[in-house]
Amino acid sequence: MIVTFGSINADLVFSVREMPQPGQTLLADQFRTEAGGKGANQAIAAARDGANVVMVGAVGHDALADVALKNLKDTVDLSRVLRVTEPTGCASILIDSHGRNMIAVASGANLVASSDEVDDALVQEARIVLMQMENDPAEIEKLIRRLSVTNAMSILNLAPAIHLEKEVLSLCDLIVVNEDEAEALAGWLDTGSSAMDLSLKLETGVLKTLGGDGAEASVGGEIIKIPALSIEAKDTTAAGDCFVGVLASALDRGLSLKDAMTRAATAAGLACSRAGSQSSIPHANETDTWLEKLQ
């Protein structure tokens with residue numbers, strides 16, 4: 001079982017031909033609302049890949065809560081999602097004609113989500129606890145410290161790149177970063193930004209996604225590199241979250257890290273080929289079909 005302590009958002013998505021410059025107003029070609037948030041996206045990705053997932057987080061009592069929870073209701077255990085007085089988290093997403101995105105997030109209820117909802121009984125059931133950085137960093141740090149003395153595997157997706165002390169990061173079993181997050185982490189640690197450099201400095205496992213170049217990982221002195229799925233990108237919005245969620249799902253059911261990374265990269269590639277946030281995340285059978293083609 002996977003426990004995801006993370007953000008739950010409503011996404012307001014604008015399709016534009018090009019990104020606006022400061023002070024410029026552009027008319028969007030299309031607009032839609034979607035469920036999002038890194039925590040929710042990763043929970044959905046893991047669940048669609050076949051994992052049993054418990055979501056821990058918070059939403060408001062507003063209309064956006066229904067948008068944010070729409071897809072989770074069908075696939076994820078929501079018994080630990082609290083309703084709070086703060087507004088539901090919301091993201092404004094601009095996507096240009098090249099599939100690139102710019103995102104601004106109002107955290108709202110996500111900043112009052114409590115890691116205490118990941119209680120000891122739940123941790124004992126979990127094989128993996130998955131975290132990101134869209135909740136209160138103090139709650140994330142508290143959960144990391146608690147997990148360090150349990151048998152559950154702690155995976156931290158350091159996204160966005162919000163500072164945590166080296167000592168806290170070193171308590172995680174695996175830290176996942178993209179290229180920008182790796183650069184930020186390298187700056188804090190005064191080291192190189194490769195997975196190996198970061199892993200050696202932190203003395204724990206580090207996985208770095210490389211966009212179209214795939215991903216690399218350094219765990220226990222072993223270096224693993226896998227290619228990306230060769231596919232035309234239409235929308236990269238949820239690709240990183242898809243990768244992390246499917247990675248957790250694959251590890252949860254016992255795949256090796258290399259095989260889990262390959263599966264995650266395939267699913268993320270499929271997500272890039274489609275428009276949307278959670279709607280772009282593939283189901284297990286779709287990923288299986290592509291993996292069979294690649295063999």
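Strand E8 (residues 128-131) and strand E9 (residues 153-157) run parallel and are joined by four bridges. Ile128 has Met153 of E9 as its bridge partner. Strands and helices here are DSSP runs, numbered from the N terminus, with at least two residues (E) for a strand and at least four (H or I) for a helix. Two strands count as paired if DSSP finds at least two bridges between them. The model is predicted: local features need pLDDT of at least 70, side-chain atom pairs count only at pLDDT 80 or more, and totals for chains, interfaces and linings use all residues. Residues are numbered from 1 along each chain as its sequence is written, and side-chain values use heavy atoms, with hydrogens and water left out.

E8 and E9 belong to an open sheet of nine strands. The order is E5-E4-E1-E8-E9-E10-E11-E12-E13, and the pairing is mixed. Strand E5 (77-83) and strand E13 (222-226) stand at the edges. Each has a single partner strand, so one side of each is left without a neighbour in the sheet. The twist averages 15° from one strand to the next. Angles run from 0 to 180 degrees between N-to-C directions, and axes are lines fitted to C-alpha atoms, for helices over the stretch in contact. Helix H5 (residues 137-147) lies across strand E1 (2-5), E8 and E9. H5 runs at about 160° to E8. Contact, here and below, means heavy atoms within 4.5 Å.

A second open sheet has four strands in the order E3-E2-E6-E7. Its pairing is also mixed. Strand E3 (30-36) and strand E7 (101-106) form the edges, each with a single partner strand, so one side of each lacks a neighbour in the sheet. Neighbouring strands of this sheet are turned by 20° against each other on average, direction ignored. Strand E2 (residues 9-15) and E3 run antiparallel, joined by seven bridges. Ala10 stands opposite Ala35 in E3.

Ser114 touches Phe5, Val56 and Glu139, not counting residues up to four places away in sequence. The C-alpha atoms of Ser114 and Lys142 are separated by 9.9 Å, and the two residues are 28 residues apart along the chain.

Two backbone features lie in loops. The peptide bond from Ala159 to Pro160 is cis, with omega near -5°. Pro160 is in the loop between E9 and helix H6 (166-169). Asp190, in the loop between H7 and H8, has a positive phi, near 55°, and is a residue other than glycine. Most residues other than glycine have a negative phi, and most peptide bonds are trans.

Helix H7 (residues 179-189) and helix H8 (residues 195-202) pack at an angle of about 40°, with their axes 11 Å apart. That makes H7 oblique to H8. By the convention used, angles under 35 degrees count as roughly parallel, over 145 as roughly antiparallel, 65 to 115 as roughly perpendicular and the rest as oblique. The crossing of H7 and H8 is left-handed. A crossing is left-handed if the near helix is turned anticlockwise from the far one by less than a right angle, and right-handed if clockwise. H7 contributes Ala182, Leu185, Ala186 and Leu189 to the contact, and H8 contributes Leu198, Lys201 and Leu202. These residues divide into six nonpolar, no polar and one charged. Ala, Val, Leu, Ile, Met, Phe, Trp, Tyr, Cys and Pro count as nonpolar, Asp, Glu, Lys and Arg as charged, and the others, Gly among them, as polar.

The axes of helix H9 (residues 239-252) and helix H10 (residues 257-272) come within 8 Å and cross at roughly 145°. The crossing is right-handed. Contact residues include Phe243, Val246 and Leu247 of H9 and Leu257, Met261 and Arg263 of H10. The contact of H9 with H10 comprises 16 nonpolar residues, no polar and one charged.

H10 also packs with helix H11 (residues 284-294). Their axes come within 9 Å and cross at roughly 110°. H10 and H11 are therefore roughly perpendicular to each other. Among the contact residues are Thr262, Arg263 and Leu270 of H10 and Glu286, Trp290 and Leu294 of H11. The contact of H10 with H11 divides into six nonpolar, three polar and three charged residues.
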